[in-house]
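Work through the two exercises below with the model open. Each task is followed by a stepwise solution.

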Amino acid sequence: MLKTAYFDLNGLWLALNLEENVPRNQENSSYTHIAFSIEDEDFEDIALKLKDLNVHILPSRERNEMDKKSIYFTDPEGHKFELHTGNLEDRLFYYRETKPNMIFFEN
């Protein structure tokens, strides 16, 4: 069964992930989040600004260099966000190179 789908809607990158029976009050047990793209050269400054503002930053997972950089954090109500230096093309390239079990549909 397909559990992940990525869409490019006129420049808006939308990722849909099916997760079943995930407790929403446990921030590290779910991949559900809202992500925004940022420029690579802005990553360190933005990460420092979030820390200076005492934003709740989540522990990072190990990342392949092809998967670019991300910082995950939550708002005061526990909603998870990601700031990511890659774009949809980067993500698809990474998945094509590292995940042979994935199926890709082109229009």
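**Exercise 1.** In this predicted model, find which exposed residues sit on the face of α1 turned away from its buried side, then identify the buried residues of the helix.

*Solution.* 
1. D45, K49 and D52 are the exposed residues carried on the face of α1 turned away from its buried side.
2. Turn to the other side. Helix α1 spans residues 43–52, and its buried residues are F43, A47 and L50.
3. Check the geometry. Viewed down the axis of α1, the buried residues fall within an arc of 60°, so they line one face of the helix.
4. Recall the helix rule. An α-helix has 3.6 residues a turn, so residues three or four places apart point the same way.
5. Find the packing partners. The buried residues of α1 pack against β4 (56–57), β5 and β6 (80–84).
6. Look past the helix end. Just after α1, N54 has a positive phi of about 60°.

**Exercise 2.** Decide whether S70 is buried or exposed, and list the polar contacts of its side chain with E82 and H84.

*Solution.* 
1. S70 belongs to strand β5, which covers residues 70–74.
2. Apply the cut-off. Buried means under 20% relative accessible area. S70 has 7% relative accessibility, so S70 counts as buried.
3. Take the polar contacts. The side chains of S70 and E82 are joined by one of 2.4 Å. Another, of 2.6 Å, links the side chains of S70 and H84.
4. Setting aside neighbours within four places in sequence, S70 is in contact with F43, S60, R63, E82, L83 and H84.
5. Tie back to the helix. F43, among those contacts of S70, is one of the buried residues of α1.

Technical notes. Residues numbered from 1 in each chain as written. Predicted model: local features only at pLDDT ≥ 70, side-chain atom pairs only at ≥ 80, totals over all residues. Heavy atoms only, no water. Helix = DSSP H or I, 4+ residues; strand = E, 2+ residues; numbered from the N terminus. Buried < 20%, exposed > 50% of the residue type's maximum accessible area, 1.4 Å probe, protein only. Polar contact = N/O pair within 3.5 Å; in protein donor to acceptor, adjacent residues only side chain to side chain. Contact = heavy atoms within 4.5 Å. Arc of directions from axis to C-beta.
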